[in-house]
Amino acid sequence: MDLNADLGEGFGIWRLGDDEALLSLVTSANVACGFHGGDPSTMRRVCEGAARRGVAVGAQVGYRDLAGFGRRHIAYDFAELRDEVTYQLGALDAFCRLFRTRVRYLKPHGALYHAASTDESQAAAVVAAVTDYDPELPVLCLPGSTLAQLAVGAGLPVVAEAFADRAYLPNGALMPRGTPGAVITDPEQVAERAARMATERSVVAVDGTVIPCSVDSICVHGDTPGAVSAAELVRASLIDADITLAPFA
């Protein structure tokens with residue numbers, strides 16, 4: 001099982017999350033590429049730390065929306081979104097190359113993640129960017145989503161992801177962040193959910209429904225309160241369950 005976290009989301013003098021601590025716990029790092037968070041110096045620092053620890057680097061691409069942290073929907077033109085995703089991929093890959101590694105996968109962030117799950121135009125723009133840049137680059141996304149379907153259709157590797165620190169609706173979608181209870185902050189509860197995802201391949205929705213959850217990567221958000229404690233417990237719970245932790249890419 002892969003354990004991933006969103007990293008490098010600080011900007012300028014502002015720091016968000018503990019990148020160094022999380023790099024010691026995860027196997028894959030979803031690194032912000034400067035649009036929803038991050039900046040060149042942050043990208044360089046996180047890529048260097050990931051390369052030193054053998055952590056796979058993925059491009060966490062998002063809307064051009066620093067003020068809204070990429071969590072506000074933007075109605076993009078297809079070509080503009082395709083090109084902005086390509087821009088972010090190339091920027092992060094440049095810093096990876098400084099440390100003899102490369103971008104090993106792509107994961108949309110925030111509002112783009114949710115839009116690409118259902119919006120065919122935005123999902124197609126992400127797929128077009130990846131296909132143009134590297135047709136062997138995996139896409140990390142919600143299983144069964146529009147993005148997953150289009151990526152498979154384009155011949156891209158698709159990696160199914162689950163969120164240990166997010167609540168699920170009965171239909172398998174994530175509960176919108178603005179809804180009370182959408183983000184799970186209790187580290188022990190997060191760890192329990194992760195262990196169930198890995199061993200039983202299921203997750204319990206907000207109404208008690210048990211949803212199939214066959215995934216290859218589990219995410220713990222780096223900006224969630226108590227993220228480091230949660231990641232520590234998640235890692236320990238997976239190891240205790242005899243789950244081998246390794247990057248999928």
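**Close-up views of a predicted model**

**View 1. Helix 4 is mostly covered.** Of the 9 residues in helix 4 (residues 110–118), 7 are buried. They are Gly110, Ala111, Leu112, Tyr113, Ala115, Ala116 and Ser117. The model shown here and in the other views is predicted.

**View 2. Arg166 is buried without a salt bridge.** This residue sits in the loop between strand 6 (158–163) and helix 7 (187–199). Asp165 is the nearest side chain of opposite charge, 6.0 Å away. A salt bridge needs a side-chain nitrogen of Lys or Arg within 4 Å of a carboxyl oxygen of Asp or Glu. The Arg166 side chain does reach the backbone oxygen of Met175, at 2.4 Å.

**View 3. Strand 9 is covered on both faces.** Ser217 and Cys219 lie on one side of strand 9 (residues 217–220), Ile218 and Val220 on the other, and all are buried. Strand 1 (residues 2–7) runs parallel to strand 9 and is joined to it by 4 bridges. Asp2 has Ser217 as its bridge partner there. Strand 6 also pairs with strand 9 in the parallel sense, over 3 bridges. Here Phe163 is partnered with Cys219.

**View 4. Ile218 belongs to the largest nonpolar core.** That core has 75 residues. Ile218 is among those that touch the most other members, along with Leu92, Leu106, Leu147, Tyr168 and Val234. Beyond its neighbours within four places in sequence, Ile218 is in contact with residues including Met1, Leu3, Ala162, Ala194 and Met197.

Terms used:
Residues numbered from 1 in each chain as written. Predicted model: local features only at pLDDT ≥ 70, side-chain atom pairs only at ≥ 80, totals over all residues. Heavy atoms only, no water. Buried < 20%, exposed > 50% of the residue type's maximum accessible area, 1.4 Å probe, protein only. Helix = DSSP H or I, 4+ residues; strand = E, 2+ residues; numbered from the N terminus. Lys, Arg positive; Asp, Glu negative; His and termini not counted. Polar contact = N/O pair within 3.5 Å; in protein donor to acceptor, adjacent residues only side chain to side chain. Core = buried A, V, L, I, M, F, W, Y, C linked by side-chain atoms within 4.5 Å. Contact = heavy atoms within 4.5 Å. Pairing = 2+ DSSP bridges.
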